[in-house]
Amino acid sequence: MSKILVTGGAGYIGSHTVVELQNEGFEVIIVDNLSNSKIEVLNGIEKITGVRPAFENIDCLDYMNLDRMFETRGNIDGIIHFAAYKAVGESVEKPLMYYRNNLVSLINLLQLMPIHKIKNIVFSSSCTVYGQPDQLPVTENAPIKPALSPYGNTKQICEEIIRDTAHAAPETYQAILLRYFNPIGAHPTALIGELPNGVPNNLLPFVAQTAIGIRPELKVFGNDYNTPDGSCIRDYINVVDLARAHVVALKRMMNNKMTENIETFNLGTGRGLSVLEIINDFERVNDVKVPYQIVGRREGDIEKVWADATLANEVLGWQAKETIDDTLGSAWAWEKHLAETEPKSV
């Protein structure tokens, strides 16, 4: 049984990926400092898969403890690296926090990999590396534009660090960079989902919390963009579809199917939906109301972006399968589950 380390594995995308890995027979070790997640997530993973993953409460900035963990756990076959701060708005306000956390955590892992004879890493990247693309849908060959936020810049720099490292030691490293578009939804069991600490930074948790009454109203940042309804457009991808792509990428590396030692793939649906469309669809699918107010634009937001996922479809053999209706239904089912099991917090 192959042993996989998942950093940030108690988080939103990480927990769904752990489920898919365990369903495929991988042994999983989660490293997470619980800064934006909760240990109770492990209960949901165990209920879904029948297996409780190993867990280490370690900050990826802590080189010594990471090193000890690799030594103790032994024979790890690959790493999926999620652990990073990820809120665009917060990164604009706290850039140094983002640069330190997101860059140093990756550097620590890359330094430790050859020491512990680990060759394979899947990196959680983002479509923010494209900035505002000149052409849509955006392909992997699109130019990397100046980032519109420190968060986006950390993803660009992390990709460069991986490329330079893999180029310097091609026999030592294999890396697949997965550029996500906008993950939404929850596991169909409603046992795991997006669980932000405090006020959500992502659209769907805020929509769901508003619909259930935790938030009085949703703020829509701008209705004067050059889009059909004036609100920003994104490519919203179901989180389970996204999680499955990591398993496919990992198997590609471990089965020596890569054509070069670093590969990059867009993960999206190929369809753009506006913020207002998401709100309207959420109301329709779940038969609820979502009060919202139009406010000014938010610094760092890109106007419109959606994926050309042809490369992932053809080379990885992966595609997004879940419908937007099912995805929005799963987000609401998860929010109702939280309302029954979690104390309300604001």
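Where does P137 lie? P137 is found in the loop between β5 (120-126) and α6 (150-168), helices being DSSP runs of H or I with at least four residues and strands runs of E with at least two, numbered from the N terminus.

## Basis of the report

The model is predicted, so local features need pLDDT of at least 70 and side-chain atom pairs count only at pLDDT 80 or more, while totals for chains, interfaces and linings use all residues. Residues are numbered from 1 along each chain as its sequence is written, and side-chain values use heavy atoms, with hydrogens and water left out.

## Overall form

The protein has 11 helices and 13 strands. Its radius of gyration is 19 Å, close to the 20 Å given by the globule rule for 346 residues, so the protein is as compact as a globular protein of that length. The radius is taken over C-alpha atoms, and the rule is 2.2 Å times the number of residues to the power 0.38. Along the principal axes, the C-alpha atoms fill a box of roughly 55 × 45 × 40 Å.

Of the 346 residues, 55% count as buried. Buried means under 20% relative accessible area, exposed means over 50%, and partly exposed is in between (1.4 Å probe, protein chains only). Among contacts (heavy atoms within 4.5 Å) between residues at least 6 apart in sequence, 80% join residues at least 24 apart.

## Surface and charge

The protein exposes about 14,800 Å², and carbon and sulfur atoms supply 48% of that area. Accessible areas come from the Shrake-Rupley method with a 1.4 Å probe; for residues, only the protein chains shown count as cover.

There are 31 positive and 43 negative side chains, and the centres of the two sets lie 2 Å apart. Lys and Arg count as positive and Asp and Glu as negative, while His and the chain ends are not counted. Each charge is placed at NZ of Lys, CZ of Arg, CG of Asp or CD of Glu.

## Helix α3 and what follows

Helix α3 spans residues 63-73, and its buried residues are L66, M69 and F70. Seen down the axis of α3, these residues fall within an arc of 95 degrees, so they line one face of the helix. The arc is that of the directions from the helix axis to the C-beta atoms. Their cover includes β1 (3-7), β2 (27-31), β3 (54-56), β4 (78-81) and α5 (95-115). On the face turned away from the buried side are the exposed residues M64, E71 and T72.

G74 follows α3 and has a positive phi, near 65 degrees. N75 lies in the loop between α3 and β4. Phi of N75 is also positive, near 50 degrees, in a residue other than glycine. With a relative accessible area of 71%, N75 is exposed.

## Other backbone features

The peptide bond from L136 to P137 is cis, with omega near -5 degrees.

N256 is in the loop between α8 (239-254) and β11 (262-267). Its phi is near 55 degrees, a positive value in a residue other than glycine. N256 counts as exposed, at 62% relative accessibility.

## L338 in helix α11

L338 belongs to helix α11 (residues 324-341). At 12% relative accessibility, L338 counts as buried. Leaving aside residues up to four places away in sequence, L338 touches E194 and L195. L338 and L191 are 147 residues apart in sequence, and their C-alpha atoms are 9.0 Å apart in space.
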